[in-house]
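Biologist: I am new to this structure and would like to learn how to read its features one at a time. Could you take me through them, with the general idea ahead of each case?

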Amino acid sequence: MTRTDPGRTVLIADSDFGDEDIERAIIEGAGLRLVAAQCKSEDEVIEAGREAGGILTQYVRVGARAIDALPHCRVIARYGTGVDIVDVDAATRHGIQVTNAPNDWCADEVADHAVALWLAAARKICRYDRATRRGEWHWKTGRPVRRLRGQVLGILSFGAIARLVAERARAFGVEVWAHDPFVDESEIRACRVRPVSFDELVEGADHLVVQAPLTPQTYHTFDHATLRRMKPTAVLVNTARGPIVEDAALYQALTEGWIAGAALDDIEEEPAKQRDWHPSNPLLELPNVIVTPHAAYYSEEAIGTVRAIAAEESVRVLTGEPARYPVNEPIRESRSHGA
């Protein structure tokens, strides 16, 4: 395969997996060409993807400008479930299939991670650990720690992962509440969870787990106004996308005592999307914050699964088969593609 075969190349626009072995076996096994890059901007995607019929992306945005400039592209496969980094409408207009991985590729991992963050924050695990390492050996280091049984664990959204969180959390004797305007209340009750309004969730939860998708409607859901309404003893856990929580507002909430703590699997700027990231976010300096590097989805099994799904989806579309996990219904006549 050479550069004279436009549309028969699959570009890995970016990834942090460390190799391309899984993708290469699938893509080259289908007679296509694989090229790997580490793009951090749309300009870099355009430069690397001029010959690409398929693009696999983990963090880098593939927006309308890039889509307009990729004449041979027929499929954009996301390593993951959320597709906020892809301009799906632009792809649809250009006849490009967008695919993702269904939630179950990492549902157990994210639910486990959410519960782990919740418990670590509630039991002050990281604070105890840091104090012990510097020579302080006392239970008072984490004061106050409250009994979990009888408290309210609230969950924003009630999709597949949120349901697994609820299932795990009940074992700790908490009352589980959930708010999801897209799920019927009877369905929530069937999972032994109390359906509540957004206002009730924010104002009544002792611990609040965010597991909602990032959309224009959920961006900065937790801003100054929302955080002000939470209990001063509340802990916010975010295992969804970072920008759902406004970092500046959260910093103020934590330093001024509006809430007691936070545990985050992502921060607003998503360091993995930047070429030269430095830990300058002031949230990282606070003792009542736990931050993990967008790792909730991670297990060796999950990573292998999502890589295979993305590669297989690109092959299916480029060889004339329908996608298994389509996000859109592209207008096929809108662009003539290279074979």
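Predicted model: local features only at pLDDT ≥ 70, side-chain atom pairs only at ≥ 80, totals over all residues.

Biologist: In which loop does Lys 124 lie, the next residue I would like to read?

Modeller: Lys 124 lies in the loop between α5 and α6, and its phi, near 60°, is again a positive value in a residue other than glycine. With a relative accessible area of 17%, Lys 124 counts as buried.

Biologist: Which residues does a cis peptide bond join?

Modeller: The cis bond is the one between Arg 143 and Pro 144, where omega is about 0°. Pro 144 itself belongs to the loop between α6 and β6.

Biologist: How does one go about finding the empty space in a model?

Modeller: Rolling a probe the size of a water molecule over the atoms shows where empty space is left. Here the largest pocket has a volume of about 1,000 Å³. It is lined by 44 residues, of which Gln 211, Ala 212, Pro 213, Leu 214 and Ala 240 are the closest to its centre. By class, that lining is made up of 24 nonpolar, 15 polar and 5 charged residues, and its largest share, 3 residues, comes from helix α7, residues 160-169.

Biologist: What volume does the second largest pocket have, and which residues are the closest to its centre?

Modeller: The volume of the second largest pocket is about 390 Å³. Among its 24 lining residues, the closest to the centre are Ala 121, Lys 124, Pro 144, Val 235 and Ala 260, so that list, by the definition of lining, has residues with an atom within 4 Å of a pocket point. The elements that each give two or more residues to this lining are α5 (107-122), α6 (125-133), β11 (261-264) and β12 (289-291), with the largest share, 4 residues, coming from α6. Its classes are 13 nonpolar, 5 polar and 6 charged residues.

Biologist: How many cavities of 30 Å³ or more does the structure hold?

Modeller: There is 1 such cavity, and about 40 Å³ of space lies in the largest cavity. The residues that line it are Gln 58, Tyr 59, Arg 78, Ile 85, Arg 241, Glu 270, Lys 273 and His 294, and by class they are 2 nonpolar, 2 polar and 4 charged.

Biologist: Which residues of helix α7 are buried, and how should I read their spacing?

Modeller: An α-helix has 3.6 residues a turn, so residues three or four places apart point the same way. In α7 the buried residues are Ile 161, Ala 162, Leu 164, Val 165, Ala 166 and Ala 169. What covers them includes α5, β6 (152-156) and β7.

Biologist: Is His 179 buried or exposed, and which residues does it touch?

Modeller: His 179, found in strand β7, residues 175-179, is buried, with a relative accessible area of 16%. Leaving out residues up to four places away in sequence, His 179 touches Ile 155, Leu 156, Ser 157, Val 196, Ser 197, Phe 198 and Leu 201. A polar atom of the His 179 side chain lies 3.0 Å from the backbone oxygen of Val 196.

Biologist: What does UniProt place at residues 115-296?

Modeller: An unreviewed UniProt entry gives that range the feature "domain: D-isomer specific 2-hydroxyacid dehydrogenase NAD-binding". Over residues 115-296 the chain of this model is 29% helix and 15% strand, and the end C-alpha atoms are 10 Å apart.

Conventions. Residues numbered from 1 in each chain as written. Heavy atoms only, no water. 1 Å grid on protein atoms, 1.4 Å probe; cavity = no way out; pocket = protein on both sides within 12 Å on 5 of 7 lines; lining within 4 Å. Points joined across faces, edges and corners; volume = space filled by probe spheres on them. Nonpolar A, V, L, I, M, F, W, Y, C, P; charged D, E, K, R; others polar. Buried < 20%, exposed > 50% of the residue type's maximum accessible area, 1.4 Å probe, protein only. Polar contact = N/O pair within 3.5 Å; in protein donor to acceptor, adjacent residues only side chain to side chain. Contact = heavy atoms within 4.5 Å. UniProt positions renumbered as here; feature names shortened; annotations may be inferred.
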